[in-house]
Amino acid sequence: MCLDVLALDGKSNGSCRHRDVLRHLNLTDNEDAMTRPGHNSPLEIELDVLLYAILDVDEKRQQFVSYLWVDMSWQNDDLNWNPDDFCGIKRIYLPTKLLWQPDLTIEEMTEKDKTLPSFQLMVENNGTVMLRNDMVLVSTCRMHIYQFPFDVQSCTLSFKSVTHLDEDLQFVPEKDPMWNTDWSRRMMQAQSEWLFIDMTVNKKTVDNFGFNQSMLVYTINMKRRSALYIANLLVPILFFFCLDLASLLISHKGGEKLSFKVTVLLAVTVMQLILNEILPASSNRIPLIVVYCIGIFGLMMLSLMETILVMYLVEKDNEADEDQILSDDFGDKLEKDSFHNSCRVLRGALIASSSLRCRSVSDVDLHRGTSRMSKNNLKDKINGNEVDLSLCNLTEVPVRELALFTKATVVDLSCNNITSLPPEFCNLTHLVKVDLSKNQLTCLPDDLGNLTSLQHLDLYNNKLTVLPVSFSQLRSLKWCDLKDNPLEAELAKAAGDCLDEKQCKQCASKVLQHMRELQDEVDRAREKRLLREKGLERKREVKQKDREAKEKEARKREKAEEKEKRRKEYNAQKAAMAAQEQQKKKNEEKKKKNGLAADKKAAEKTAPKPRRSLIGLVFKLLLLLLMGLAGVAAACRLTDLKKEAMCVPVNVAVDDGLSWAKEGVVRQLVQNLSSAAKEFLESTQASKN
C-alpha cells in the first residue's frame, strides 16, 4: 500500500517526513488502530453539524432536503508523538480505512447520501482524530401546517451510533448552537421559499431494542416566506368574494346573474384544488387557510341559492300575472253563461289563444326569414326533458332561452335554416342529445368539446367539410351521423356510411379517434414550435452573453492599456526627476570644488575676500534649495504624486504662497533678488581680478 503524504514544513530527509511519523505510529501492522480507542471507558465523540443550504421542503411527502457539513473528532491515546522529534510536524492526514471511525447514522434519513464520503482524516500529535463529511440529506420532517402560509417548521436530525451502546460511545456537541446558527446564516447558499431562523442541539439517551444509546438531536427551525401565497391565493379569493357581493346589483331578469355567480364559485373551487395540491392529507387539524376558503365558499353558495330562489319566485309571479290578464279578457264575454259552460269556454279560449299565438309567431318568422324564440314560446315546445324546435324555420339557435331550462337535455333543431352555431351554444353543457340534421351548417364552433355530457349528435345533410379539433374532447359521445356532408377524404373515411344504429355508433368512435389523432398532431406541432422558439431565445441569450463578454473583455483590455500607459508615464517622470537630482548633485560638487579653490586664492591675497566667497557660496546653496523646493512643488502639483500624503502640505504651502503673491509682495521680492544677484556678480568679478 502506497501513502502519498506531504510534509507541512517542506523537509524530505531524515525524520522530517510524514512517512517517518507513520512508521513511528506503526499503523500498517497495528491491529489496535482498527478498534475503538479507550476500551476501559466511554469514548466521547465531539459532533458538529453546519447547515449549508436548504434545498427543498416537500409538505406533501413530509420530506426535508438539506446540504450539511458534519465534523467529528475523538481522542486516540495510541496516536501521539513529539513534534520536536519530527521537525515540528504537528499533524498528518491519513486514509480513513487505516483507522477506526464511528459508525454514525441519522434516524430521519430516508434516502442514502449520494455524495462521496471523505477519504482522509486528520491526526494531531496529541492523539486527536478529526473527520469531516459533507452530505445531501433527504430526511423525514413532521409538518405542522395549521397556520399555513404563516407557519414555522422544525425539522430534527438525530445522530447516533448504529451498534455501539452508551457505555462505549458518548456523543457531545463540539461548539455552542449559537455559533452554528451564526455560521449557517453567513454561509447559507440557498433557502428555497424558507427563511432559516436558528439551530438547537439536545443530548439524550434512547432505548433501542432494549439497549441504551447516546444521541444528539439537532433541531432546524425555519419560517415560510408567505408573500407569494398572500398575493396568489388569499387576496384573489377575497376579490372573488367581493365580486360575488357586487353581483347583488345585477338584475334578476335573464340568466346573466346566475351564470356570473356560478363562474365565480368555480373560480374559488379552482383555488381550493390548488391549495389541496400543496397541503398534505396527514394533517391532524384543519388549517386556518382551509377554514377561510370553506367559509367564503359557503357564503357564496348561500348567495347562489338566494339568487335561484328569487328567480324562481319572480318567474312564478310573472306566470300568475299572465293568467290574471287572460282571465280579465274573457270575463266580460262569459258573464251570462253558467259556471260549467264558462269553464268549458274559458278552457277552449285558452287553447285557441295559445295555438293562435304560436301560429302568429310562426307566420312572422316565415315572413322575416329568422326566428327569435321567447321564453314562453320555448316553454310551449318542451315536453318532459325534450325540446322540439324542428320545422320552425330557424336561422339561429335560441341559446339564451335554452340556457334557462337546464332539465331539457334533448334538443331537436332539425329541418331549419341554421348556418352556424353561436359560441354560446358550447356553454349548454347539460345537453345529452342534439339533432341538427337537414340544416345549412358550414362549420361548428371551436369550443364544441365543452359539451362533455353530449352522447347523441345528428349532423345529417349539412354542408360541413371539417370538424373542430376540440371534437376529440366529446368523450361521452356514443352516436353520430355525418352522412350527406362534403367532408374531407380522411374524415369521410372515418365517418363511414351511418346506415344503421351500429354504423352510427362506429362512426362516433372512429371520428373521435380520428380527431384525437389530429389533436395529438396539433399538440406536437405546438410543442415543436415552442421548442423552436425556446431554442431561438436560448441562442439569442447566448449571443447576447458573448457580446457582453466581448465588450467586458474589451473594456478590461482598454483599462489595462490605460493603466500601463500611466505607469510608463510615471516611471518616465520618476527617471527624469532622478536624472535631475543626479545633475544637481554633480553641479553642487563642482560648485563646492570651485568654491574651495576660490577660498584658497582669496586667503592668499586679502582677508576680506574669503567673506565675499562665503556669501556667494551661501547664496548658491540658497539658490539650489529654492530650485529643489520648486522641483518638489512642481512634482507634487503636476504629477500623480499630488494624491500622496507627503505632497498634501506642499500643495497647501504653494497655494498659500500664490495667494500671498497676489497682494503685491512679488515685485519687492524680485527687486531684492535682482539687487542681491548684482552684488553677487560684482563680487565674483572683483575676486577674479
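**Figure 1. Cysteine 242 and cysteine 392 in the predicted model.** Cysteine 242 is partly exposed, because its relative accessible area is 41%. Cysteine 392, at 14%, is buried. Here buried means under 20% relative accessible area, exposed means over 50%, and partly exposed lies in between, with a 1.4 Å probe and protein chains only. The model is predicted, so local features need pLDDT of at least 70 and side-chain atom pairs count only at pLDDT 80 or more, whereas totals for chains, interfaces and linings use all residues. Residues are numbered from 1 along each chain as its sequence is written, and side-chain values use heavy atoms, with hydrogens and water left out.

**Figure 2. The disulfide of cysteine 141 and cysteine 155.** One disulfide, defined as a pair of cysteine sulfur atoms within 2.5 Å, is found in a search of the whole structure. The sulfur atoms of cysteine 141 and cysteine 155 are 2.0 Å apart. The torsion about their S-S bond is about -90°, and the disulfide is therefore left-handed. This pair links distant parts of the chain, 14 residues apart: cysteine 141 lies in the loop between S7 and strand S8 (152-161), and cysteine 155 lies in strand S8. Both cysteine 141 and cysteine 155 are buried. Strands (E, at least two residues) and helices (H or I, at least four) are DSSP runs, numbered from the N terminus.

**Figure 3. The antiparallel strands S3, S6 and S7.** Strands pair if DSSP finds at least two bridges between them. Strand S3 (residues 91-95) runs antiparallel to strand S6 (residues 120-124), and five bridges join them. Leucine 94 has leucine 121 in S6 as its bridge partner. Two bridges connect S6 with strand S7 (residues 128-140), again in an antiparallel arrangement. Methionine 122 stands opposite methionine 130 in S7. Three residues separate S6 and S7 in a hairpin, and glycine 127 in the turn has a positive phi of about 95°.

**Figure 4. The aromatic pair of tryptophan 69 and tryptophan 183.** Six aromatic pairs are found in a search of the whole structure. Rings of Phe, Tyr and Trp (its six-membered ring) pair if their centres lie within 6.5 Å; planes under 30 degrees apart count as stacked, over 60 as edge-to-face and the rest as tilted. The ring centres of tryptophan 69 and tryptophan 183 are 5.4 Å apart with planes at 45°, so this pair is tilted. Distant parts of the chain are linked here, with tryptophan 69 in strand S2 (residues 63-75) and tryptophan 183 in helix H2 (residues 177-187), 114 residues apart. Tryptophan 69 is partly exposed at 23% relative accessible area, whereas tryptophan 183 is buried at 11%. Ring pairs also join Tyr52, Tyr67, Trp69 and Trp183 into a cluster.

**Figure 5. The edge-to-face pair of tryptophan 74 and tryptophan 100.** The two rings lie 5.9 Å centre to centre, with 85° between the planes. Tryptophan 74 belongs to strand S2, and tryptophan 100 to the loop between S3 and strand S4 (104-106), 26 residues apart. Tryptophan 74 is buried, with a relative accessibility of 3%. Tryptophan 100 is likewise buried, at 11%.

**Figure 6. Charges over the rings of tryptophan 179 and tyrosine 146.** A charge sits over a ring if NZ of Lys or CZ of Arg is within 6 Å of the ring centre and within 35 degrees of the ring normal. Lysine 175 lies over the face of tryptophan 179, 5.0 Å from the ring centre. Over the ring of tyrosine 146 sits the charged end of arginine 285, at 3.7 Å from the centre.
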